[in-house]
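Okay, thanks for staying on, everyone. Let me put the next one up on the screen.

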Amino acid sequence: MPENAQKETNESSHGSQPLETQQDSLMQKPQQKSQVSGNRLVLARAYRPLCFADLLGQDHARRVIENALRNERLHHAILLSGPRGVGKTTLARLISRAINCKSRKSGTDSCGDCSACQTMAGESLDIIEIDAASHTGVDGVRDIVDGAGYRPVVLKYRVYIIDEVHMLSRSAFNALLKTLEEPPPHLHFLFATTEPDKIPLTVLSRCLRLELRRLDNETLASHYRDVSKREGRKLEEDAAMVLAQAAEGSVRDGLSLLDCAFSESNDDTITLTQVRSMLLLSDGHALYDLLEAIVDEDLELSLTRLDSLLNKGGQAEVLLREIMERLHRLSRFRVVGAIENSLEPSDRERGGALSERLSLATLSRMWQLSLRGYEELRLAPDPRASLDMLIVRLVCAAGMPLPSEVLTRLSRDAASVQPAGSAREEKDITTSDSSLSSKLRVAFPNAKIEEQEIEEQ
Ligand SMILES: [Zn+2]
């Protein structure tokens with residue numbers, strides 16, 4: 001065995017990520033259930049894309065790579081950056097197979113049949129995956145640098161896939177730089193990172209940089225429904241949307257959650273209630289009931305409904321996050337209204353009705369109070385009491401007049417007191433801070449206005 005091959009074998013055994021196995025690749029056939037010969041493969045692996053077209057939502061990066069492959073002008077070092085779980089490593093693996101395949105399909109995807117593809121389906125010594133997080137020092141890249149001059153063992157190109165490459169130390173990057181500057185023709189580097197800002201400019205400037213984006217909720221929800229269908233299950237539309245929201249743009253995170261949902265229930269249909277309870281989320285309708293009571297300025301009912309949510313096992317912090325999420329959605333609803341389609345259908349109905357009763361200014365004030373409340377809740381010895389007090393403040397805020405309403409009303413009152421009031425008089429009323437509070441109290445005898453809040457406004 002050549003020296004470099006020996007080194008790579010050692011690296012594979014103690015350093016790099018496990019390579020794709022033959023079994024793994026067989027299981028990835030689309031339209032196939034993840035249940036293979038009794039061993040259940042996690043969904044994120046079972047539905048890992050096998051061709052560029054299957055890569056979700058990364059059209060730009062895909063186009064660049066496909067064009068480069070068709071023209072045989074692929075950059076020798078590519079940096080794939082983007083949030084976790086959006087397909088960086090998957091894309092890197094697709095590229096590594098495509099460049100080594102001897103008869104690519106439509107010039108881009110690996111064929112899966114040629115001798116190179118068959119080699120790659122098993123453990124290949126020429127495709128090396130390294131997790132930079134566990135190999136931060138110079139030693140982590142020493143094998144790459146030392147072996148750069150040697151030709152690949154079997155395949156046309158030796159490919160290094162370095163995950164979380166930003167974790168490499170400064171000296172490791174320096175060691176790698178020489179090879180990046182003058183790469184041998186048989187070498188390709190595919191770097192993946194969630195934090196491209198931490199990579200030295202000298203390295204960045206030698207890479208083709210492709211940004212992979214966070215996926216939108218609709219794309220994710222539709223993917224999760226599709227996967228469920230292939231698994232012989234049905235995922236409710238609302239449930240898919242809640243999963244997508246919880247996934248925060250990451251295909252993989254959502255598939256892991258879907259795995260949990262499948263494990264929790266043997267029913268054919270995965271419902272919204274099941275998903276919400278799995279994610280420890282409160283019942284959506286109960287949350288709207290609470291918000292409605294707040295908007296109705298009914299303090300007693302608001303606190304009763306809050307108690308009921310907490311008594312069902314809700315945690316104060318999680319609940320507050322959900323309230324804030326609803327306030328955010330209501331605000332978006334005010335702006336984009338019916339065209340907002342990244343919401344569950346049930347949200348569109350109740351959220352739409354509620355948002356019509358609240359101005360953006362009021363929603364924004366409630367959001368600010370909640371944000372302040374969130375900080376307090378984490379400091380408070382009793383989070384539940386802290387949440388109670390926040391609800392009291394929200395009820396007060398919901399009924400509080402807006403500064404613009406106050407000024408209009410003050411001007412009107414002033415005008416009725418002094419019909420012949422000069423322009424100078426009106427100016428006094430709208431700008432004089434010292435007398436504002438006393439005038440406010442005259443104009444709104446029942447309003448719950450505090451001195452400090454008047455100053456803020
Ligand atoms: Zn092939």
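Predicted model: local features only at pLDDT ≥ 70, side-chain atom pairs only at ≥ 80, totals over all residues.

The overall picture, then. The chain has 457 residues, and 35% of them count as buried. We've got 23 helices and nine strands in there. If you take contacts between residues at least 6 apart in sequence, 74% of those join residues at least 24 apart.

Now the sheet. Five strands make it up, and reading across you get β4-β5-β6-β3-β7. It's an open sheet, and the pairing is parallel. At the edges you'll find β4, which is 127-131, and β7. Each of those two has a single partner strand, so one side of each has no neighbour in the sheet. Going from one strand to the next, the twist averages 15°.

Let's stop at β4 for a moment. Is this edge strand left open or enclosed by the rest of the structure? Well, four of its five residues are buried, so β4 is largely enclosed by the rest of the structure. Its partner is β5, residues 158-163; the two run parallel, with five bridges joining them. If you want a place to look, E129 sits opposite I161 in β5. To get from β4 to β5 the chain goes through helix α7, residues 138-147, and that β-α-β crossover is right-handed.

Further along the sheet, β3 (residues 77-81) and β6 (residues 187-193) also run parallel, joined by five bridges. There, S81 is opposite T193 in β6.

Okay, on to the helix, α4, residues 59-70.

Which residues of α4 are buried? They're A61, R62, I65 and L69. Looking down the helix axis, the buried ones fall within an arc of 100°, so they line one face of α4. And what do they pack against? That would be α5, which is 88-100, and β7, which is 208-211. So β7, one of our edge strands, turns up again here, because it stands at the edge of the sheet and the buried residues of α4 pack against it.

Over on the other side of α4, D59, H60 and R63 are exposed.

Conventions. Residues numbered from 1 in each chain as written. Buried ≥ 20, exposed ≤ 12 C-beta atoms within 10 Å, placed from the backbone. Arc of directions from axis to C-beta. Contact = placed C-beta atoms within 7 Å. Pairing = 2+ DSSP bridges. Axes fitted to C-alpha atoms, helices over the stretch in contact; angles between N-to-C directions. Right-handed = clockwise from strand over helix to strand, strands pointing away.
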